[in-house]
Amino acid sequence: GAVPQRRSIRELPDELISQIAAGEVVERPASVVRELVDNALDAGASQIQVKLMAGGVRAIAVEDDGLGIPLEELPLALKRHATSKIRSLDELESVHTMGFRGEALAAISSVAEMAVSSRFEGALHAHRLDARSGELQPAARSRGTSVEVRELFFSTPARRKFLKTDATELAHCVESVRRHALARPDVGFTVWHEGKLVEQWRQANSDTRLKDVLGDAFMAESRPVYAESGPLRIYGRAGLPEAARSRADMQYVYVNGRYVRDKLIAHGIRAAYEDVLHGHRQPCYVLFIEIAPDRVDVNVHPTKIEVRFRDGREVHQKVRYAVQDALALSRSRETAPAGV
Ligand code: ADP
Ligand code: MG
């Protein structure tokens, strides 16, 4: 074969570093929605609006009524590895915010056009910063922040080609908001597409929110899960076997408020259904796991969708028994004679 030509080692330009890093975080419009809603929640928003055009490919705007960003910090918000959420390793290990990597806004602005408008508490008016031009201008809005993202992957056509139809991208965006909505009944969410309201979840208590998001049928065909032991608390709802579906599209697991996909937890849940679900039937469930922050590492994956437990076996077992109890409870109740 050809003799490889050695090229000298060079440091990558900042812009390329950001674009490479963005590949890990921003896969499609729904990833942008997830990051922007995370930020709104971290800012203490009580109302969050998500506005999409062409499935989010053409435009995504997320508006919140949170604390806002002070004018002098607006440019910093867009810088890589710049965050207001942690200051030290100690704080990383007990992090209670969704974000902490200081990467999302920088990543998004390296693969799309972006502008951030914000009005900090007590500021006389808002300011809008255009990421590309760096132009900073006074703007009109009440307290809070709006982030507008346009033409995702406009400068990286190879990545743009991986996007699916607008309808599919829209469905992923809505699913991303749904995941947040299940975990945060105290926050109101609206999703708009092409100027039309597609979802609205009003501030509610947790049961009402579950019903609003997952529907009456799920509530009727599921049972409450509750287990507590030491630093671990598990709650939520487990669907009865008859509510099982052919697709695994109603399975929500949260660790300390963060939506995760965890093989260990999924396996524990599956084991709980082992005697009652056969073949490829997929159970429906929403499980919230609260655990002392020093017992779980959330800094495993750039999107934080994976976590690592200090004691995985214990979590697996407790999840399994918690779900089993919920299912068994319903069985015994259903077979008990009237009056018992
Ligand atoms: P991270 O969330 O990991 O800190 P981001 O790039 O997502 O990193 O955001 C950078 C910083 O910008 C945040 O730490 C926060 O201070 C600020 N910020 C971003 N979005 C908002 C928002 N919606 N409201 C208030 N501050 C925000
Ligand atoms: Mg963030």
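## α7 against α8

Let's start with handedness: α7 crosses α8 in a left-handed sense. Bear in mind that this is a predicted model. Helix α7 covers residues 166-183 and helix α8 covers residues 206-214, and their axes come within 9 Å, crossing at roughly 160°. Angles over 145 degrees count as roughly antiparallel, so α7 is roughly antiparallel to α8.

Who does the touching here? On the α7 side we have Arg 178, Ala 181 and Leu 182, and they meet Arg 209, Leu 210 and Val 213 of α8.

## α2 against α7

Helix α7 also packs with helix α2, which takes in residues 29-42; the angle is about 25° and the axes sit 8 Å apart. With the cut-off for roughly parallel set at under 35 degrees, that makes α2 roughly parallel to α7. As for the hand, α2 passes α7 in a right-handed crossing.

From α2, the contact draws on Pro 29, Ala 30, Val 33, Arg 34, Val 37 and Leu 41. Facing them from α7 are Glu 169, His 172, Cys 173, Glu 175, Ser 176, Val 177 and His 180. The tally for α2 with α7 is seven nonpolar, three polar and three charged residues.

## Putting α7 in the picture

So what does α7 do with its two partners? Helix α7 runs roughly antiparallel to α8, with a left-handed crossing, while α2 lies roughly parallel to α7, with a right-handed one.

Technical notes
Residues are numbered from 1 along each chain as its sequence is written. Chains are lettered from A and ligands numbered from 1 in the order in which they are written. This is a predicted model: local features need pLDDT of at least 70, side-chain atom pairs count only at pLDDT 80 or more; totals for chains, interfaces and linings use all residues. Axes are lines fitted to C-alpha atoms, for helices over the stretch in contact, and angles run from 0 to 180 degrees between N-to-C directions. Helices (H or I, at least four residues) and strands (E, at least two) are DSSP runs, numbered from the N terminus. Angles under 35 degrees count as roughly parallel, over 145 as roughly antiparallel, 65 to 115 as roughly perpendicular and the rest as oblique. A crossing is left-handed if the near helix is turned anticlockwise from the far one by less than a right angle, and right-handed if clockwise. Two residues are in contact if their C-beta atoms, placed from the backbone, lie within 7 Å. Ala, Val, Leu, Ile, Met, Phe, Trp, Tyr, Cys and Pro count as nonpolar, Asp, Glu, Lys and Arg as charged, and the others, Gly among them, as polar.
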